[in-house]
Amino acid sequence: MSEPLSDFGVIGLAVMGQNLARNVASRDHKTSVYNRTTDKMTELIAEHGSETLVGQETLEDFVHSLAVPRKVMIMVKAGKPVDYVIADLLPLLDEGDIIIDGGNSLFTDTVRREKELSEKGFYFFGCGVSGGEEGALHGPSLMPGGSEKVWNWLQPILESISADDFSGGKCVTHVGADGAGHYVKMVHNGIEYAIMQMIAESYQIMKDGFGMNAGEIADVFETYNKGKLASYLFGISVPILSKEDPEGDGFLIEKVMDKAGQKGTGRWTAIESYQRGGELSTIAQAVNARVSSSEKEKRIEYSKLYTPPVSSHEKLDKDRFVQQLEEALYVAILVSYAQGFDLLEKAAEEQNWNLNFSEIARIWQGGCIIQAKILGTLQDAFLEDSEKPLLQIESIQQSVSAGWADLREVNKIGIDVGVPLYCIGAALT
Ligand code: NBP
């Protein structure tokens, strides 16, 4: 008797593809995997191969191992590699087969690919996947875009592998047509840039302004993580900051080179806001901060020419500041989300996508990097009024008004102690 065919296929077995394939296979969906460099496939199968996770050495064998309509997820480096893989796949597929691009593709590429493939009789889905390698393995947040008909076919598999939201639903929804899923993923990453920068600014102001060490700052973040700022990003900051240097004195974070890079999705989000004419200052400033941080040699030269102000932390009440900072961060993060959703609204209008903001806030509640308690508040706010921009919805307006004075105060202290607050400052502005 011949082997049963696979329900799903994954091409590209770096960290994301490997873990996503293992996730699908663990939900009782037989999954075939293929990688350009065969070693990665054989290593994966040697370690995790099973009745439901099977490797194929050639693309032909991979395609023939799949049940029709074939569902093939591409998890390779975004850009040209996706086009190369599609070009190799098409002669082997049949009309009606489905290609899903799960990488961080630029949405304009997804729109182009969807059009080109549908003209040839194939289906193409652009699916944002968030959660890094852990999320891919245990339950990511998925942001799929493509035709409604294909969504109905993909829904059971995508729901089975995605994370849970706050109410036990699944962190996946049909985001919209063609590039909508990748667009929402791009904005998600832009918001992630802004929140990470705000966390970095909070660290710096507590360190430079109040003389706190990384362990004390970790304790503050731990407290924040039990309140309204509870989130994956504050959560992971605690062990990162409290890790002591195994090879010397003090905390490891203080020995890490202060030079950040970027992979592009934050930059794309900022560029999108300029092109569509919508303000996105918190995200754009997060990109600026990374650029500035990467120019370390220049910063060192400037620091020799300009004397920083004298820190005045001794005159300030640390405990009070820590409370003010929590309120300030809450407002600043709300503003960043509001700017992200404003951009989504503009894009939806111009691209003719019917985006459901409450649903988007819901599918970001689990699995993804920006998962946070605040997303429950945003889901409720959009349910309260789906027509208004976030900052005009009454419940959000009340929260912003309540923390606004603290946001001003934190910015004033930042100026006084000489800590640049790119994002926390942009939120106030
Ligand atoms: P990478 O982005 O590092 O890509 C490596 C994979 O692409 C390998 O399987 C490699 O095959 C394959 N590949 C390349 Br490069 N060029 C190819 C070509 N011309 N033909 C066929 N395959 C080719 O992998 P990743 O970090 O797992 O990410 C995959 C996607 O998911 C990316 O779009 C990424 O932006 C996105 N993403 C990543 C994360 C994360 O945390 N890493 C999170 C969310 C989304 P080889 O082994 O033969 O070189």
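Modeller: First a convention: helices (H or I, at least four residues) and strands (E, at least two) are DSSP runs, numbered from the N terminus. This is a predicted model, where local features need pLDDT of at least 70, side-chain atom pairs count only at pLDDT 80 or more, and totals for chains, interfaces and linings use all residues. Residues are numbered from 1 along each chain as its sequence is written, and side-chain values use heavy atoms, with hydrogens and water left out.

Colleague: Where is asparagine 352, and what is its phi?

Modeller: Asparagine 352 is in the loop between helix 14 (318-351) and helix 15 (357-363). Its phi is near 65 degrees, a positive value in a residue other than glycine.

Colleague: And which loop holds aspartate 178?

Modeller: The one between helix 7 (148-161) and helix 8 (180-210). Aspartate 178 is not a glycine either, yet has a positive phi of about 25 degrees.

Colleague: What about the peptide bond from valine 68 to proline 69, cis or trans?

Modeller: That bond is cis, with omega near -10 degrees. Proline 69 sits in the loop between helix 3 (59-64) and strand 4 (71-74).

Colleague: Ligand next. Which residues come nearest?

Modeller: Met16, Asn35, Arg36, Thr37 and Lys40, out of 21 residues around the ligand. A residue counts as near if one of its heavy atoms lies within 4 Å of the molecule.

Colleague: What is the make-up of that shell by class?

Modeller: There are 11 nonpolar, six polar and four charged residues. Ala, Val, Leu, Ile, Met, Phe, Trp, Tyr, Cys and Pro count as nonpolar, Asp, Glu, Lys and Arg as charged, and the others, Gly among them, as polar.

Colleague: Which helix gives the largest share?

Modeller: Helix 4, with three residues. Helix 1 (15-26) and helix 4 (80-89) each supply at least two.

Colleague: Which polar atoms lie by the ligand's oxygen atoms?

Modeller: For polar contacts (pairs of N or O atoms within 3.5 Å), a side-chain N or O atom of threonine 37 is 2.5 Å from a ligand oxygen. A polar side-chain atom of asparagine 35 lies 2.8 Å from a ligand oxygen, and valine 76 places a backbone N or O atom 3.3 Å from one.

Colleague: How many salt bridges are there?

Modeller: The count is 24, taking a side-chain nitrogen of Lys or Arg within 4 Å of a carboxyl oxygen of Asp or Glu. One of them joins aspartate 101 and arginine 113, with the closest N and O atoms 3.7 Å apart. Aspartate 101 is in strand 5 (residues 98-101) and arginine 113 in helix 5 (residues 107-119).

Notes: A polar contact is a pair of N or O atoms within 3.5 Å; within protein, one must be able to donate a hydrogen and the other to accept it, and residues adjacent in sequence count only if both atoms are side-chain atoms.
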